[in-house]
Amino acid sequence: MKVLPQWAESAVFYEIYPQTFFDTNGDGIGDLQGVIAKLDYVKSLGCDAIWLNPFYQSPMRDAGYDVEDFCAVAPRYGTLDDARALFVAAHEKGLRVIVDLVPGHTAETHPWFQASIRGEEPYRDWYIWTDTAWDNGGKDFAGKFVHGTTPRDGNFMINFFAHQPALNFGFGQPDQSWQLSTTHPNVRKLWDEMQQVQRFWLEQGADGFRIDMAGSITRKDKDSTETRRFWEECRNEVWGEDTFTVAEWSWPATALDGKGLHSDFLHWIPSYENLFRKGQESADSWFHQSGKGDLAAFLKDYDHHYQKTNGKGVICIPCGNHDLPRISTGRDTLDLEIVHAFLLTMPGVPFLYYGDEIGMRQLPSQPYDNREGCYGTRAGARTPMQWEDGPSLGFSTAPADHLWANLDRAAAAPTVAAQQPEPASLLNRMRTLIDLRRSEPALRASAGFTVLHCEPKAYPFVFLRTAPTGERVVVVLNPAARPFQIEVDVPGTLHTHETLRTIATTATVADGKLKLTGTDSGYGIFKC
Ligand code: BGC
């Protein structure tokens with residue numbers, strides 16, 4: 001079995017948060033027609049795939065991750081016809097589109113949950129209810145239960161926010177009367193239904209799924225055996241050869257067994273924080289000119305997952321998404337280019353968060369904190385895309401005060417239009433990097449990866465990527481604003497090298513070794 005569908009090997013994804021990408025009807029909220037209108041822009045970046053965050057019918061208490069109807073489009077974003085038109089238009093331009101699948105919970109307003117409250121078959125068992133309101137699930141059980149104001153006697157388990165009741169995919173080792181096994185007939189009906197939801201979106205034209213909290217669907221499940229069985233069934237019975245999936249599990253060693261999910265994001269681990277930011281203290285992160293950060297800790301975790309999953313699936317390391325603070329805080333254009341050089345040269349499929357290609361800033365969350373589940377830093381990372389000069393920066397014809405989210409009103413707010421003509425702008429540097437990533441076989445998602453140099457709390461980081469066809473690329477990353485000089489052994493014979501892209505870095509070959517010199521913060525990508 002292939003690790004990934006062929007197209008995903010060289011794909012570069014662009015994550016679009018529909019609320020704030022482009023508004024075509026002037027209501028201050030982005031929409032699906034807006035995504036269609038900007039497909040040429042996505043293509044102009046060199047990206048060839050899109051991850052579209054939820055656009056389903058929802059009470060919007062978690063910006064659409066609280067789904068009320070898995071197969072309907074929220075009116076604020078358009079209609080099902082718009083979604084189909086988006087898939088068609090994207091495909092015509094050679095772009096693939098994966099959509100969010102939120103299998104683990106629904107909104108409280110979902111008709112399934114309402115029927116579950118009433119005890120109707122089979123829905124009574126589609127959520128996890130204790131037998132009485134006195135039972136909170138037991139102290140040895142990690143699930144979080146709430147006592148809703150429902151007439152049903154019992155507490156229901158939640159998955160994330162208190163208004164997101166967990167769907168019941170069953171228990172691996174049930175030991176209480178209310179814990180149903182994964183093979184219970186009603187639970188099986190939910191498995192079938194969640195597979196039907198996937199079939200539905202594939203039939204509409206989607207090319208795959210980003211799977212929300214993919215590891216959390218079953219409970220008391222040793223080694224997540226039953227969760228993995230569910231994804232394996234999906235791969236065998238629902239997904240096609242060309243369907244691509246990326247999990248938000250953040251534990252690839254378990255998520256990727258070569259039978260189900262194709263890839264997993266690795267970012268909900270403590271060492272990831274050291275890479276890009278500690279809270280908002282970017283100066284403590286490894287990707288910073290101050291040169292105080294530690295990459296080795298992350299790399300140790302990464303290596304654990306890489307060794308266990310190599311050949312079975314790929315690990316994706318995002319540097320931004322709708323849940324993370326923007327990467328640009330405390331970083332200049334070069335810093336951001338180095339961050340993206342990492343994103344685009346490491347193994348796995350790269351996902352670029354909309355607006356990061358122009359260095360959009362993290363904004364204060366006020367006054368939108370907690371609006372539609374945008375608590376904390378989320379609100380400030382989900383702000384309107386900055387297209388061009390103008391009252392609403394080209395995002396909408398609605399005035400800035402009527403937009404769904406905070407707009408960057410600084411005079412220096414980066415825009416696509418301003419960066420477009422500047423050859424040295426972040427936008428154009430990103431295009432060069434994306435181009436490189438897509439054209440080099442050694443930079444494919446599952447091409448080999450060997451660390452050549454990485455010391456605790458030190459710089460630079462040097463690694464080798466190797467294509468199955470033999471092409472090799474060495475990448476040197478030095479975010480610290482200080483010089484370095486090192487020699488690395490590149491396995492095999494090394495006679496010469498070709499420079500693919502460098503900033504403040506040079507390489508020479510002598511006695512079969514690669515001698516690398518850095519004069520300041522920068523990076524180098526060499527073919528060896
Ligand atoms: C999504 C969040 C969402 C949560 C609950 C996540 O991990 O990315 O935005 O709030 O799942 O669905």
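A polar contact is a pair of N or O atoms within 3.5 Å, and the legends below apply this cut-off to a predicted model.

**View 1. The shell of residues around the ligand.** In this predicted model, the ligand is surrounded by Asp62, Tyr65, His105, Phe160, Arg210, Asp212, Met213, Glu248, His322, Asp323, Arg378 and Arg382.

**View 2. Polar side chains facing oxygen atoms of the ligand.** A polar atom in the side chain of Asp323 lies 2.5 Å from an oxygen atom of the ligand, a distance that counts as a polar contact because the pair is within 3.5 Å. For Asp62, an N or O atom of the side chain is 2.6 Å from a ligand oxygen atom, while for His105 the corresponding distance is 3.0 Å. Taken alone, the ligand exposes 300 Å², of which the protein buries 98%.

**View 3. The largest nonpolar core and, apart from it, another core.** The largest nonpolar core has 153 residues, and Tyr14, Trp201 and Trp231 are those with the most contacts inside it. Once neighbours within four places in sequence are left aside, the residues in contact with Trp231 include Leu101, Pro103, Ile211, Trp239, Trp249 and Leu261. Another core, of 14 residues, lies apart from the largest one, and among its members are Leu464, Val476, Val490 and Leu514. In soluble globular proteins, nonpolar side chains tend to be buried together.

**View 4. The domains of the protein chain.** The chain is divided into domain 1 (1-102 + 361-413), domain 2 (107-169) and domain 3 (444-527). Between domain 2 and domain 3, the C-alpha centres lie 53 Å apart.

Conventions: Residues are numbered from 1 along each chain as its sequence is written. This is a predicted model: local features need pLDDT of at least 70, side-chain atom pairs count only at pLDDT 80 or more; totals for chains, interfaces and linings use all residues. Side-chain values use heavy atoms; hydrogens and water are left out. A residue is near a molecule or strand if one of its heavy atoms lies within 4 Å of it. A polar contact is a pair of N or O atoms within 3.5 Å; within protein, one must be able to donate a hydrogen and the other to accept it, and residues adjacent in sequence count only if both atoms are side-chain atoms. Accessible areas come from the Shrake-Rupley method with a 1.4 Å probe; for residues, only the protein chains shown count as cover. Domain bounds come from an automatic or database domain assignment. A nonpolar core is a set of buried Ala, Val, Leu, Ile, Met, Phe, Trp, Tyr and Cys residues joined through side-chain atoms within 4.5 Å. Buried means under 20% relative accessible area, exposed over 50%, partly exposed in between (1.4 Å probe, protein chains only). Contact means heavy atoms within 4.5 Å.
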